[in-house]
Amino acid sequence: MSDGEILTAIRALFPTLMALSSLALVPIVKLWRGQERDDAATYATFGVQVLLLVTSVGAVLSGAGYVSTLKIGQVTIDPSEPGRLLVVLGGIVFAVIVGAGEGRRAGTMGQIALFGIAAIDLSLAIPSGIAPIALLLFASLAISGAAASGKDDVGRARAVFRDLRTVSLLLPAVVIAEILRTAISYAAVDAAYATPASLAAGTALGVSIVLIVAAGVFPFHSRLIKIFEALPIVGSLLVGVWIPSALALIVMSELSVLASSITDPLGGAIVPGILLAGAATLVFGAVSALLHDDIGEIVGFIAVGNAGWLALAAAAALQSPTDTSSRLIVLPGTLAISLFGLWLVSVRRRYGTTSISELGGWARRTGANGIALISAIVALAALPPGAVLAARLNLLLLGGNPLIALFAIIGQLLLIAAAIRLLLVGFTPQSQTVHEAETRPFANVITISLIAGSIFVAAAAAGWLSLETGGTGPLPPAPSVSPATSFDPAPSFEPTAAPTGESTPSVIPSGSGEVSPAP
């Protein structure tokens with residue numbers, strides 16, 4: 001392998017290489033400091049945070065395009081702009097979350113984050129179809145199992161079992177959708193197949209179901225809530241938010257290609273059904289967040305509301321395949337929920353409880369956490385109004401149903417109200433739990449990183465930095481299937497002349513199965 005090929009391989013697989021290097025870094029650091037030393041876990045956590053930030057910087061330097069395209073056998077790894085953007089921001093987000101979480105397993109959580117964003121980058125770098133979707137589903141299962149390990153907890157075991165059951169149900173749907181997509185090219189030339197429009201509609205329905213179930217759209221929200229209740233926040237965000245967001249980009253790309261390649265409309269009952277599910281999910285998630293008193297469950301229901309926007313975006317991709325609004329909202333929603341997760345892990349670590357009744361006055365006690373939550377609210381509301389808010393409104397217009405749009409707007413406003421409710425609790429009289437909690441000085445590395453990271457992520461999520469447009473870039477297209485090259489029946493031979501001297505058709509063995517008249 002030449003030097004140029006080695007450099008190309010490093011560019012294409014940089015996030016994966018960083019994740020693999022953590023398998024050696026963490027044991028070396030712990031061996032260096034000694035298992036009995038109290039600071040061994042701290043040094044390991046710091047090392048993983050550095051790897052996360054290096055991964056972000058490396059993704060920026062490696063970039064996407066032909067200089068990072070790697071071909072291994074029949075597989076082409078072509079890093080995409082959306083994938084690299086998720087890596088850049090994911091490295092920053094999870095570095096801050098790992099630092100805020102502290103604890104004995106913080107370094108392990110950082111390793112899980114590295115492998116999670118590496119799987120996302122790889123899935124968005126290989127051609128669309130069954131492979132990237134299957135990769136994300138298996139990555140989700142592996143991450144939930146790794147995040148749940150290290151503690152005997154029935155709730156965590158049930159969360160992993162739910163994820164296993166979900167993946168086992170979705171994989172057949174992915175396979176069926178791929179079979180239908182492959183058959184579209186045959187239907188165009190052979191009337192024995194179904195019509196291309198019906199096959200495309202079946203494919204669209206299959207991949208939409210995968211997105212709806214994986215993202216936690218109502219009525220499949222229970223898995224997402226259990227994930228936020230049981231798993232550590234790094235595992236919850238990866239399995240419940242980041243991986244579904246990457247899956248949404250793949251599904252929307254597939255839907256746009258399907259809608260563009262078929263002249264007949266694919267709507268039918270698919271688009272109204274997805275629109276209804278998205279609006280219902282927004283309202284359900286918001287109302288549930290207002291009614292619950294556990295901050296873990298509240299953040300989980302806010303994530304359910306974000307899943308509603310993903311459903312609305314999938315419907316818009318079918319309605320208007322050339323419009324980029326459907327993909328533009330994916331990244332801001334992911335970052336907004338990540339900020340709520342950052343606030344959740346910081347508060348839970350500081351006060352040791354997730355009950356609102358025991359968190360009175362938390363914002364007055366720890367101002368840095370208050371800044372983190374305000375940043376999350378700004379990101380959720382996409383303030384000040386700009387490209388993100390315009391994209392959401394455009395999605396509602398593309399839906400073409402005023403009632404659906406009204407319910408979606410109400411749901412979004414209620415989600416913001418649920419988040420503001422968490423902030424108002426922080427300014428009530430201090431509870432005994434908050435009063436007795438130990439606090440760190442404001443001029444602390446962890447506190448400063450929490451504030452700086454929250455403001456930066458909020459700026460990216462609200463559209464201040466104009467990074468969200470990077471999520472609308474193209475993904476590697478699915479390999480085309482041509483009947484003439486992939487279907488080669490054995491040629492048959494018939495006489496070339498009839499006894500009467502009249503010309504009669506014969507099959508010429510040209511290797512393509514084409515019928516031509518005899519001379």
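Mentor: Helices (H or I, at least four residues) and strands (E, at least two) are DSSP runs, numbered from the N terminus. Leu23 is found in helix H1. The model is predicted, so local features need pLDDT of at least 70 and side-chain atom pairs count only at pLDDT 80 or more, while totals for chains, interfaces and linings use all residues. Residues are numbered from 1 along each chain as its sequence is written, and side-chain values use heavy atoms, with hydrogens and water left out.

Trainee: Why is Leu23 called partly exposed?

Mentor: Buried means under 20% relative accessible area, exposed over 50%, and partly exposed in between (1.4 Å probe, protein chains only). Leu23 has a relative accessible area of 49%, so Leu23 is partly exposed.

Trainee: Which residues make the nonpolar surface patch of about 490 Å²?

Mentor: Ile6, Ile10, Leu17, Leu20, Leu23 and Phe115 make that patch. Helix H1 (residues 3-33) gives the most to it, with 5 residues.

Trainee: Why are H11 and H16 called oblique to each other?

Mentor: Angles under 35 degrees count as roughly parallel, over 145 as roughly antiparallel, 65 to 115 as roughly perpendicular and the rest as oblique. Helix H11 (residues 295-319) and helix H16 (residues 387-399) pack at an angle of about 55°, with their axes 9 Å apart. The two helices are therefore oblique.

Trainee: What makes Thr428 partly exposed?

Mentor: Its relative accessible area is 32%, and therefore Thr428 is partly exposed. Thr428 lies in the loop between helix H17 (402-425) and helix H18 (432-436). From C-alpha to C-alpha, Thr428 and Gly360 are 5.4 Å apart in space and 68 residues apart in sequence.

Terms used: Patches are made of residues with over 30% relative accessible area and no salt bridge: like charges are joined within 9 Å, nonpolar side chains (Val, Leu, Ile, Met, Phe, Trp, Tyr) within 5 Å. Accessible areas come from the Shrake-Rupley method with a 1.4 Å probe; for residues, only the protein chains shown count as cover. A salt bridge is a side-chain nitrogen of Lys or Arg within 4 Å of a carboxyl oxygen of Asp or Glu. Axes are lines fitted to C-alpha atoms, for helices over the stretch in contact, and angles run from 0 to 180 degrees between N-to-C directions.
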